[in-house]
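Dear colleague,

Please find below the structure that I am handing over to you. My notes on it follow directly after.

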Amino acid sequence: MAVKLTQDEIDFYHENGYVVARGVYTGEKLEQLRRETDAIIAKAAGVSEHNEVYDLEDSHSPSNPRVRRLKEPYRHFDYFDQVARDPDVVDIVAQLVGSDVRLYGGKMNLKSAGYGAPVEWHQDWAFYPHTNDDVLATGLLLDDCDEMNGPLMVMPGSHKGPTYDHHADGYFCGAMAPDDTEAASNLDYSKAVKLTGKAGDMTIHHVRLVHGSAMNTSNRQRRLLLHEYAAGDAWPLVGLKGDFDHCFYDLMVKGTPTNQPRTVAAPVRLPYPAALSGGSIYENQKGTGGRFFDTFEQKQASG
Ligand SMILES: O=C(O)CCC(=O)C(=O)O
């Protein structure tokens, strides 16, 4: 039977900016998700550079493939398009953003055992602000995730606060500097909550919530399939991610589209001038002046 959030969970989400829906994918459904993923990852052997499907770890080589992310898998693979539109997922989203839901984007972060890259603290809103903030990201866990294999970490309540600076040297870098004074005066990262769970659980975080995750130093992978969904009347201020018909009609995964966006007062900082290093958040964040989380390369260099 499809999982639904309880009223307490819905209230918790609105208060804290996150919630974990338990057991959204189980049994054969979860197995298929893993099988389809494995088949795509297997094809990364021989790939030498980032392309429209694969974002690669800095330590990747064609003979020793290390995929960091699958980019927008729903665009490239029919099966993943089905997952992004799956009512078992989308109906939960609708409980939080309303009955009209548009898919905005998606990716799978692999966070492989031993080296899976960290993601610096950030707010998704800094990448894709909309006319209103009924926008969130879901994260389906393909693997059991505990404190050791790189769980998503969130700062409860930060979705009600400022939009922090995600720029360095005048360019967008998609990361909040660890020594940013505004962030330091509002956020205590030692109070971050780790969104651990079983394979098949689904994390949900509000678009303005401050979040990040550490490198995976364990011997267990942590794959997370993320989808970004917006209320049907939330319009992306940085523009559509594709042609109009596709984004306006095809990506409505529930309900009906409208050309009358709803606007709310929410602090925006546009992600411009664009990041010097593009292609993925991992590449954008190379522009940051300082890191909070260690990288594989830093760990190797320090022995
Ligand atoms: O994979 C993770 O742990 C972090 C995901 C995330 O915040 C992102 O990719 O924007």
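Is aspartate 169 buried or exposed? Aspartate 169 counts as exposed because it has 9 C-beta neighbours inside 10 Å; a residue is buried if 20 or more other C-beta atoms lie within 10 Å of its own, exposed if 12 or fewer, and partly exposed in between, with C-beta atoms placed from the backbone.

Two conventions apply. Residues are numbered from 1 along each chain as its sequence is written. The model is predicted: local features need pLDDT of at least 70 and side-chain atom pairs count only at pLDDT 80 or more, whereas totals for chains, interfaces and linings use all residues.

Overall architecture

The protein has 9 helices and 14 strands, taken as DSSP runs numbered from the N terminus (helices H or I, at least four residues; strands E, at least two). Its radius of gyration is 18 Å, close to the 19 Å that the globule rule gives for 303 residues, so the protein is as compact as a globular protein of that length. The radius is taken over C-alpha atoms, and the rule is 2.2 Å times the number of residues to the power 0.38. Of the 303 residues, 43% are buried.

Backbone features

Most residues other than glycine have a negative phi, and most peptide bonds are trans. Aspartate 169, in the loop between β8 (167-168) and β9 (171-172), has a positive phi near 50°. Lysine 111 also has a positive phi, about 40°, and lies in the loop between β4 (101-109) and β5 (119-122). Lysine 111 counts as buried because it has 28 C-beta neighbours inside 10 Å. The peptide bond from tyrosine 272 to proline 273 is cis, with omega near -5°; proline 273 is found in the loop between β14 (252-254) and α8 (281-284).

Helix α4

In α4 (residues 78-85), Phe80, Val83 and Ala84 are buried. Seen down the helix axis, these buried residues fall within an arc of 100°, so they line one face of α4; the arc is that of the directions from the axis to the C-beta atoms. The face turned away from that buried side carries the exposed residues Asp78 and Gln82.

Yours sincerely
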